[in-house]
Amino acid sequence: MIPYSKQNITKEDEDVLRKALFDPFLTQGPKVVEFEKSLSQKHKCADTVACSSGSAALHLAYAGCGIDKDGIGIVPAITFASTANGFKHLGARVLFCDVDPTTGIIDLNSLETTLKKANSDRVSGQGVIAPVSFAGQVAPLRQCYELAKEFDFKVVEDASHSPLAIGQDEDEVIRSCSCEWTDYATLSFHPVKHLCSGEGGAVLCKTRDHAVQPRKLRSHGIIRDVDPEGNQPWKYHQTDLGWNYRLTDLQAALGLSQLKRLEKEIEKRKGLASIYNQELKVEPFSNVFELPSFSSGHVWHLYVLRFKRTEWRDNAYHFLKKKGILTQVHYIPVYHHPYFGGLSANEKLPGAEQFFSSCLSIPLFPTMTETDQNQVINCLREYCNSLIF
Ligand SMILES: Cc1ncc(COP(=O)(O)O)c(C=O)c1O
């Protein structure tokens, strides 16, 4: 089977992990601190709070923005449910906004409309926009930040797909995860992502002050060193209701080892994407699907085809599966899920619906061989040739 994505664990990762097993700390130790420092350096942000998953990172970042039951979260409809769930965990309201039907990335006109709607009935409470740098392409973070300022919102970039991605906004370079145009950015270290720690995530912070609340909430809402001068150094206080969202030192050790070769892995992804772009731009493929737009700063978490007919997309999924090739639909608009249900048909977002009805992610991961990729291309060719126009 060729999966749509999978982890790359090297011998070096294995050695690092074995060694970490016998370190004095399996959790709450120095490896987590080292991992956080390395992540901050790599992404050029002020501070990082490592945590147990990308979902936990979103939850912590929203809490760090001050979201509570009176808060509002604005989420692009094409994303994993976690982007919205972090708001729900805090009791806040979620408003979905539309995406560009060709990229799956937040649509700024829809964002402005949604912000107006949010503020028309906002009495109190913090608002947060959560743009997703979907598939590895940077969302329009600067424009989101400017709109956020205008409407008194904060911005959290869901950068689960986009470590080190670079975008262009007029003359300016926009770096995913740098927090230059956001309050926070979040990463996921799930095995299908660029960096893998089994499970894991991180909150990247605009300033060191931004890190204080997420760091405290990651570990139950407890602060230590409350009596540094006195004779009760063991003393600690719980000041907030937090969670146990800690990353272990074992996971941090694996993450550190993977971080060393992040750029190399991204180059492999770029190489594979460029082969797909070359090979799939001609007939018969071009009769059946569109390709993602290629930019040099894209880091290719996903390679998403957009089929010209939904039935062709659905049948392609089954056809490829029978041939041992696993694909995936990224994503079902979040408001479709029963938990978020209640939107009537005329409130459906057209860009998100169009993207959802066409999209299919085909295999792309750093250990993918030439043989694997040729098999995917050949099977897609066979499938496209089998369609009658
Ligand atoms: C866009 C996006 N946000 C959030 C998450 C949640 O990350 P995790 O699985 O590490 O909780 C994912 C993971 O699939 C994701 O793709």
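Predicted model: local features only at pLDDT ≥ 70, side-chain atom pairs only at ≥ 80, totals over all residues.
Local features were considered at pLDDT of at least 70 and side-chain atom pairs at pLDDT 80 or more, whereas totals for chains, interfaces and linings use all residues. Residues are numbered from 1 along each chain as its sequence is written.

The protein chain is assigned domain 1 (11-259) and domain 2 (262-386), with bounds taken from an automatic or database domain assignment. The C-alpha centres of domain 1 and domain 2 are 26 Å apart. Their contact involves 34 residues from domain 1 and 28 residues from domain 2, two residues being in contact if their C-beta atoms, placed from the backbone, lie within 7 Å. On the side of domain 1 that touches domain 2, strand 6 (166-169) and helix 8 (249-259) each contribute at least two residues; helices (H or I, at least four residues) and strands (E, at least two) are DSSP runs numbered from the N terminus.

The ligand is surrounded by 14 residues, of which the closest are Ser53, Gly54, Ser55, Ser160 and Ser188; a residue counts as near if its C-beta atom, placed from the backbone, lies within 6 Å. Helix 3 (54-64) and helix 4 (82-89) each give two or more residues to this shell.

Helix 7 (residues 208-218) is largely enclosed by the rest of the structure, because eight of its eleven residues are buried, that is, have 20 or more other C-beta atoms, placed from the backbone, within 10 Å of their own. Among the buried residues are His210, Arg215 and Leu217. Their cover includes strand 1 (47-51), helix 3 and strand 8 (184-188). Just after helix 7, His220 adopts a positive phi of about 70°.

Terms used:
Buried ≥ 20, exposed ≤ 12 C-beta atoms within 10 Å, placed from the backbone.
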